[in-house]
Amino acid sequence: MLAAIQVKNFALIENLNLDFSTGMTVITGETGAGKSIVIDALGLALGERADVSMVRAGSDKADITATFHFEVPSTTSAWLKDHELYEGNEVILRRVIAAEGRSKCFINGMSVTLSMLKELGDTLVDIHGQHAHQSLLKPNYQLQLLDQLLPTQNPIEAIKQCVGEYRKVTAQINQLTTDAQSRKEKLELLSYQYSELEALKISDESISQLEQDHAKATHTQELTEASERALATFFDADPAIFDIVNQHLRLFESLKEKDSSLASSFDLLAAIAANLEELKFELRHYQDSLEIDPDKFAEMDEQLSALFDIARKHHVEIAELPTVMAQIGDQLNQLNDVDANMDELNSKQSKLQKDYQALSQQLTQMRQQTAKQLETDVTEQMQHLGMKKGVFAIEVIPESEGLHSTGAETVEFKVTANPGQPLQPLGKVASGGELSRISLAIQVITAQQHTTPCLIFDEVDVGIGGQTADTVGQMLKNIAKHAQVICVTHQAQVAAKGDTHLSASKESDNASTQSKMIQLTTQARVEEIARMVGGQSITESTLTHAKELLGES
């Protein structure tokens, strides 16, 4: 329940502190006194959109703080725990609107987003506005009213999610279909390029080996001459290095017996001789390998030329061709996977259609059942509100083909005020007063079925009077038995039903105008009811009538 509200520099309010209690609280006052300003301020504390024009003239900011008590466990306590803002069974909401347009939101002193404030606010208060009857003519609003009374919102949320996913999948299918021709052309090009590279048997190893073999074949004469000079110098010259080394080796072999310190030098000469022997073998073998087949050389030359040509086509070095081939292969795999993706998307689209059909059928049945009950309840309330022969009906109209995020149907509220007259849409047969009473009947019914601990009715009794107003007052008082009710009213019969009575007034001087609100004492309440009955002139008759109304309540 709403325990207290503090309003500073909001509209005509400079500073206002109000405490609220359980039961039914009524707010009255003359036209223009600011009865609904407190409700507007509370709406901001609950997360409604702000306008800088709401800041009191001459002030730098408006500041609204609302304190609520709630049961534990409850939807409110669960929300607070989920968001780590729980501090017991009391929560404080605060909204600050700066004159330059900035807005700040707080829950239990912690800064939060506007959407968080609204989410929490929806668990605390349900506001029924004075202009609800105007919205009642809109098909979307009619469907929302019906859906509020459904036993569960699960099918509605599931349908929204299903339709959203269906639209996403359909867009992907359409994109793939649109790209089909360009995909085909790209697939043909990449296939040709990959085959061209594959024919060259490209790999990092093959390219490296080919370059080495070709370089070797190209410089055969130079390499042959170099190896022959080396063999001549080391082994065939007169004297040859190999022979000189062996002569000194034999000399040192005999001398080391005379001086053991020559043993190391002998060992080194022996190693040189052995290495020269191995060098001779290697050079002879290398010379044999330099005998290149002219046909093989021409083949290598042709292969290398082909590699350079294709590398130029792809604007890379030949060493990068294996990477290019791998990339083209990946692109081909992706394009070839498109058909598989299309099959998968089509299958997914078909499943979503079936899911939608099942969910929408479930929702349709729930709406039809709820509509029947709402027809009965609203008809009964209309008759209590002075439309003795009135009948209310709801037509469930199938939607056009396709998937709709609101389900497979719309609804249309219909009414007849006179017996024998056919049911027709509200806007065609209901007068302004009748529409207000039908709207009030629906609001009372929806309020009775809500679990929100605080219900606010802001001048919903406009256009009624007499016995009907008394009935409305009794309806609201009955609701107040299981929820806190705050009602802004012009009707004395409704005001008399309140457990607590607040009165709004407006004061002006040459410098400013401001609205104030106070809780009335018993005597002041009699006088306020008398004013509502007879206008500004309070007489013994109006005072007596006021006491009678309060006595009946």
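1. Strand E9 (391-398) and strand E10 (residues 409-416) run antiparallel and are joined by eight bridges, where strands pair if DSSP finds at least two bridges between them, and where helices (H or I, at least four residues) and strands (E, at least two) are DSSP runs numbered from the N terminus. Within this pairing, Pro398 stands opposite Glu409 in E10.

2. The model is predicted, so that local features need pLDDT of at least 70 and side-chain atom pairs count only at pLDDT 80 or more, while totals for chains, interfaces and linings use all residues. Residues are numbered from 1 along each chain as its sequence is written, and side-chain values use heavy atoms, with hydrogens and water left out.

3. E9, E10 and E11 form, in that order, an open sheet of three strands with antiparallel pairing. Because E9 and strand E11 (424-425) each have a single partner strand, they stand at the edges, and one side of each is left without a neighbour in the sheet.

4. Of the 51 residues in the largest nonpolar core, those that touch the most other members are Phe392, Phe413, Ile438 and Phe457; such a core is a set of buried Ala, Val, Leu, Ile, Met, Phe, Trp, Tyr and Cys residues joined through side-chain atoms within 4.5 Å, with buried meaning under 20% relative accessible area (1.4 Å probe, protein chains only). Helix H15 (residues 432-449) supplies the largest share of this core, eight residues.

5. Elsewhere, strand E1 (residues 2-10) pairs in the antiparallel sense with strand E4 (residues 61-69) over six bridges, and Val7 has Ile64 in E4 as its bridge partner.

Technical notes: Buried < 20%, exposed > 50% of the residue type's maximum accessible area, 1.4 Å probe, protein only.
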